[in-house]
There are 2 protein chains.
Amino acid sequence: MSGRELKKTIVETAGPPDFKVGVDNAIFSVDTAQNRLLVLLVMRQHEPFLGQWSLPGTLVRHSESLEDAAYRILAEKIRVNNLYLEQLYTFGDLGRDPRESPDSYGVRYLSVSYFALVRFEEAELVGSGVRGIAWYPLEEVPQLAFDHNKILQYGHRRLRNKLEYSPIAFEVLPELFSLSDLYQLYTTVLGENFADYSNFRARILKLGFLADTGLKVSRGAGRPATLYRFDAEAFAPLKDKPLVFI
Amino acid sequence: MSGRELKKTIVETAGPPDFKVGVDNAIFSVDTAQNRLLVLLVMRQHEPFLGQWSLPGTLVRHSESLEDAAYRILAEKIRVNNLYLEQLYTFGDLGRDPRESPDSYGVRYLSVSYFALVRFEEAELVGSGVRGIAWYPLEEVPQLAFDHNKILQYGHRRLRNKLEYSPIAFEVLPELFSLSDLYQLYTTVLGENFADYSNFRARILKLGFLADTGLKVSRGAGRPATLYRFDAEAFAPLKDKPLVFI
DNA sequence: TCAAAAGTGTTAAATATACACCCATGA
DNA sequence: TCATGGGTGTATATTTAACACTTTTGA
């Protein structure tokens, strides 16, 4: 063992390990036209896992909070005005990143994952020619780099829970939307395991935070739909109560 | 600026920052005898925040996962057989640790927090003479080191949610318990904002995962209470359904 | 024999669920 | 004029919530 290697080992085992901290985003959107739940994947441009699909991620920079980093990757990949974002889970198991030396000394890699929901219609993919970045239907997601399939699984569960218990749907719907728009969003994400349209409608209207704008929209055949607006003020008193939206 | 300082700056700004990763635990228990919700605090023995109360925490070591570290601190502070533990949230804002240099270059500190619930009666505090470690009633918690008051707030919210929607109560009750034991646990944690004893009883029994052992226990005056056991097998099919226990 | 703790039963109101049906539009 | 999507109503089962009440014990 050379002198340099010896020194390296001593230094690295002396104190607690240094971590590189990455942020990985599970970014979801709903294509209501095709009734599909989509997740944003990017092709890795570097080792490890070069050429494999992964969740968009980045290492956290100096003078940047975790959330800052999460917003930064998101902004690097898509342009979007409306979104919901929150922290998901932190993965720090040994050996989750092949850049860690196998003897488990030296630098460690840790991933703080974030979960985001964006409006599909307005989400514009950024990048020259949009190569190596794509919306994947959730059922068609391939084997991903690192432990990203696991992160995605976490994210999917969180999405379903959030949709059921919080008003995140309205962060991602257009300003004005019909009740079928809303219903479709719910069915696409949650499957069809809940109330039929009629009951859904009655329930959500009774909650009292959807304001009828009086406007109508006609989409091909059929009766025109009334457009509603989410009334944040009317919702405020319900904010801290356990609410079910389905 | 000396040569040494210049070099330091260059090196540190070249790549992404190194993080020291800490784990902090919000460890709760319920003193049913006194109807109090308690949290475990330790007195800091080192700078920063020397002599101030804090959540028990540690830096993650080489060859140790985040969860390993969480279990390690817990074991260092209390001896306990039954517990529930899960990851809470990761705090990585700039300046959350005073050891970070103020110009926000150099090493960063990040805290992955864990939430635990342990059985108070069997939890034995470890340490010579049990100095600098104590169960604090939640309402009497003082100003804590770092951002630990915030972590504690997160933990408390998680505790209430978990108790309402998951069977964590049974991880922390004795093997055999009466329905009033269970009810008292719930009232202590959640306040009294839910069903009265009679309705609570009817609901929880109807769920069908509490097995009547036939045994009775008499505690002073009053009719002896039937002892129940949590039947994990009977609960299994309900595991993935949204359940409300209150 | 009484107070304390455990356990049971009853009711009205609110909600969930499964439907059947009516309305307004474009082709 | 009819298929299509939007919207309304109703009947029943189930759940919630507030109680009054009975039972069994120790003092």
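Pro48(B) is found in the loop between β2 (36-43) and β3 (53-54) of chain B, where helices (H or I, at least four residues) and strands (E, at least two) are DSSP runs, numbered from the N terminus. This is a predicted model, in which local features need pLDDT of at least 70, side-chain atom pairs count only at pLDDT 80 or more, and totals for chains, interfaces and linings use all residues. Residues are numbered from 1 along each chain as its sequence is written, chains are lettered from A and ligands numbered from 1 in the order in which they are written, and side-chain values use heavy atoms, with hydrogens and water left out.

The peptide bond that joins Glu47(B) to Pro48(B) is cis, with omega about -5°. In chain A, a cis peptide bond joins Glu47(A) and Pro48(A), again with omega about -5°, and Pro48(A) lies in the loop between β2 and β3 of chain A. Most peptide bonds are trans, and most residues other than glycine have a negative phi. Phe49(B), in the loop between β2 and β3 of chain B, has a positive phi of about 65° although it is not a glycine. Phe49(B) is partly exposed, with a relative accessible area of 26%; buried means under 20% relative accessible area, exposed over 50%, and partly exposed in between (1.4 Å probe, protein chains only). Ser63(B), which is not a glycine either, has a positive phi of about 55°. Its place is the loop between β4 (57-59) and α2 (66-77) of chain B, and at 40% relative accessibility Ser63(B) counts as partly exposed.

How are the two chains related? Two copies of a chain are related by a rotation about an axis and a shift along it. Here a rotation of 180° with 0.0 Å of shift along its axis superposes chain B on chain A, with an RMSD of 0.0 Å. That is the relation of a two-fold axis. The copies are superposed by least squares on the C-alpha atoms of residues with pLDDT of at least 70 in both. Of the residues of chain B, Phe19(B) comes closest to the rotation axis, at 2.4 Å (C-alpha).

The protein also meets DNA. A residue is near a strand if one of its heavy atoms lies within 4 Å of it. DNA strand C is surrounded by 20 residues, and the closest are Asn199(A), Ser180(B), Ser198(B), Arg201(B) and Thr226(B). Of the atoms of DNA strand C within 4 Å of the protein, 61% belong to sugar or phosphate and the rest to bases. Polar contacts are pairs of N or O atoms within 3.5 Å; within protein, one must be able to donate a hydrogen and the other to accept it, and residues adjacent in sequence count only if both atoms are side-chain atoms. A polar backbone atom of Gly222(A) is 3.2 Å from a base oxygen of DNA strand C. The elements that give two or more residues to this surface are α6 (197-207) of chain A together with α6 (197-207) and β12 (225-230) of chain B.

Around DNA strand D there are 19 residues, of which Ser198(A), Arg201(A), Arg223(A), Thr226(A) and Asn199(B) come nearest. A polar side-chain atom of Tyr197(A) lies 3.2 Å from a phosphate oxygen of DNA strand D, and a polar backbone atom of Gly222(B) is 3.1 Å from a base oxygen of DNA strand D.

Aromatic rings form another theme. The whole structure holds 37 aromatic pairs over all chains; rings of Phe, Tyr and Trp (its six-membered ring) pair if their centres lie within 6.5 Å, and planes under 30 degrees apart count as stacked, over 60 as edge-to-face and the rest as tilted. The rings of Phe170(B) and Phe209(B) have centres 5.9 Å apart and planes at 80°, so the pair is edge-to-face. Phe170(B) is in helix α4 (residues 169-172) and Phe209(B) in the loop between α6 and β11 (210-217) of chain B, 39 residues apart. Phe209(B) is buried, with a relative accessible area of 0%. The rings of Phe209(B) and Phe235(B), with centres 5.1 Å apart and planes at 90°, are also edge-to-face.
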